[in-house]
Amino acid sequence: MYQNTACRRVRVVEYHRLLEPDHFFRYKRPKIEPPGINIIFRLPLDRTLLFLILIFFIGVIVHFTSAYLRLPPFPPLPVNATSDCAFLQGSWNADQTVLRFYAVPYALPPLAKPDEATLDILQEYLHVIGGKPSLRWKMPQKVSGFEGCILAHYDRCSFKLGRWICDLSKPRPVSSCVQPKTDGRVDIMNPQYLFQNERCLQVDIATPTFEGTLKPVVIVIAGFQFLAEPMISPDSPRPAYWPEDETVRHSNAVWVYLHYRLGLAGFFYNLTHPRYKTKEKQQLSHENYALQDQLDGLRWIKTHIKQFGGDPQRMTVFGIASGATSVLALMKMKNKGENLFQQAWLSSGAVHWHSERDKTPHVNIVDKVFTDIAINHIGTHCKPSNPGTISKSCKLSEISQKLNDIPLQVINSLIGDNFKDENLIGEFMSSGNKSGNGMGWIYAETNSGNVLPPKYWTENEINHIFGRAKHSIRVVFSSMAQELEEWPGMGDTWLGEAIDIQIDKVAQMFDQYRHLTESRGVQGLKNLLAAAWKHDLTLQSMLSVPVRSQQDFHLEILSLIRFSCPQSWIISKFIKSKGVFYKLILDERSGRGIPFAPGPGFMKKNNVQIKREAFHSLDALILTGRLGNLREIGNQTATPHTARSFQSFSNKLRNMFKDFVHGKDLDSNCKADLKDPYGCRINGIRTEKFGDDKIMVELCAHIDWERWISNIIVHN
């Protein structure tokens, strides 16, 4: 049998032990030092190269250090904007985040006495031969062409390097249009200065740092009773609603403050053409020059705001008090297809002004004071026999000539009693339980065109106003819960009055203005007021807020009736259009003693009225950031709870306004619709639908607004 002998072989492999490295050296491993500096610099050339490299780096460091230290200062941010004919120079704030331009003219100054330096240019501009043309009671004249720019700018401009350069970096000494003096005294020793105080029709512009895209625009139109422009204090030349730097930064929008003619300068007779004539008499026509100023101002802003970083397609008009009433009138006055603004925020404004269609008696301020003006300044032959009716022997040119020789401050001082709050506004709760006894400025029927109040707008007009733009016009109507604090008859006397007497007054007023179909009598209204007070006590307890007096509660009811309820009624007329409407009732008390707050009595130096509740235009002071400029008076300070709640309310309101300006929707609770035009009530704790307060809604609905609106609201 075959056997594999190879398999029987055995192979043995022997491995030697691994030797250490030193084993291979007979006399041990030699010791070698690492290379040192001597080795590196062994050759002279090596040393030379390294030395040159070191010198090079030292030279580079010295060069860049010297160049940095010798750099010129960084150039300041540009302060220029351009108009049609001039470079306008503004001024930055301290941290260079807000650029301001003051007194930028949008029309020729409406001076009664033209400047001698530019008289020949004015004559040529107006195509007048000889004489000294007056612009006091004329429609605003647009700034156009080189001559128009000289007339509008010359007092603050110089001609350099072939162009006009205008320094608009500082406010004018008098930033507002002429208004009555607080103490009634006028210095007649310097009539030229008084005439120059009528230099207005200008805008103040504040713009944040430009970041490459145009920003939304906020246009402030403010006023109180169309008579005065609210100031920080009676002696201050600065408007109360100039936006603070923080407001401009927070809103990230361009702010424009629009100045216009006030009082008798803004509302007077047409001294060129009468309304009609007979053989013996002539009926003068009223003109709303102030509204025409505002309209031309909006047109100028629409055209030029791009040059200041604003977007003309995102313009919000912020109307405050009589400025809010103006905005409603401007909606009616603007030309067909004229898209002057896309949004409006109307704060504490009346929604009605007098028209000849109203069946209620009414006193127009111009008609009332013209008798005194005629007797003192023109002649008894011009004394009106009836309001606005004068003899044909009294020539309009004579009236114009004699009145233009007198500064408006002098005229105002002689008829100053008519401008007292109790005469201008009237008491809301008079002895006869009537309201609306004040006087009005706006006249609905004029030679230049009718400006009917919203009550008389037709459905087609409403659709045209709110529904013809590419995007629906959005409008916010807002009012404070205690608008009437410190108004005539609503001060300490009201707060100290017996509750039973107050309830009886309020119930009788509601009964007087009720719907004809309303069967609830005076006693039923008293029961309703008692139920409303009980509900308010329960609500105060739930919210853990300080309990207020019943007199304060009645003041709130009257404030709602005069401001908020009429706004809701007007919204119900607008709501069928394509517009978007919000209704806000702002119900947060400041808790601090605030003097000189805009509203009745704000121009009084003596007998300063202190306000602590949710007073008239408190929201406007918050939104413009100006509340901190009104100093507190008295030892009363807000409790920690009130302070926190008010701060929360302020932040909520400011953010809501910013969202609105940037085109965002507001809280759905605040949106008005056909079923619920009452919107929302806002305080520091919550935002709730006002329509959920059935008792308050029932009080608003009890009044026949179609019939009685002229009797209840202030006409300004």
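Analyst: Buried means under 20% relative accessible area, exposed means over 50%, and partly exposed lies in between (1.4 Å probe, protein chains only). The model is predicted: local features need pLDDT of at least 70, side-chain atom pairs count only at pLDDT 80 or more, and totals for chains, interfaces and linings use all residues. Residues are numbered from 1 along each chain as its sequence is written, and side-chain values use heavy atoms, without hydrogens and water.

User: Is Arg-100 buried or exposed?

Analyst: Arg-100 has a relative accessible area of 14%. That value is under 20%. Therefore Arg-100 is buried.

User: How many residues apart are Asp-245 and Arg-100?

Analyst: The two form a salt bridge, that is, a side-chain nitrogen of Lys or Arg within 4 Å of a carboxyl oxygen of Asp or Glu. Helices (H or I, at least four residues) and strands (E, at least two) are DSSP runs, numbered from the N terminus. Asp-245 sits in helix 6 and Arg-100 in strand 4, so the pair links distant parts of the chain. The separation is 145 residues.

User: Which residue meets Glu-116 in a salt bridge?

Analyst: The N to O distance is 2.8 Å in the bridge of Glu-116 with Lys-132. Glu-116 is exposed, at 53%.

User: How many nonpolar residues are in the contact of helix 18 with helix 21?

Analyst: Contact means heavy atoms within 4.5 Å. Phe-553, Ile-557, Leu-560, Ile-561 and Cys-565 in helix 18 meet Met-696, Leu-699 and Cys-700 in helix 21. Ala, Val, Leu, Ile, Met, Phe, Trp, Tyr, Cys and Pro count as nonpolar. With no polar and no charged residues, the nonpolar count is eight.
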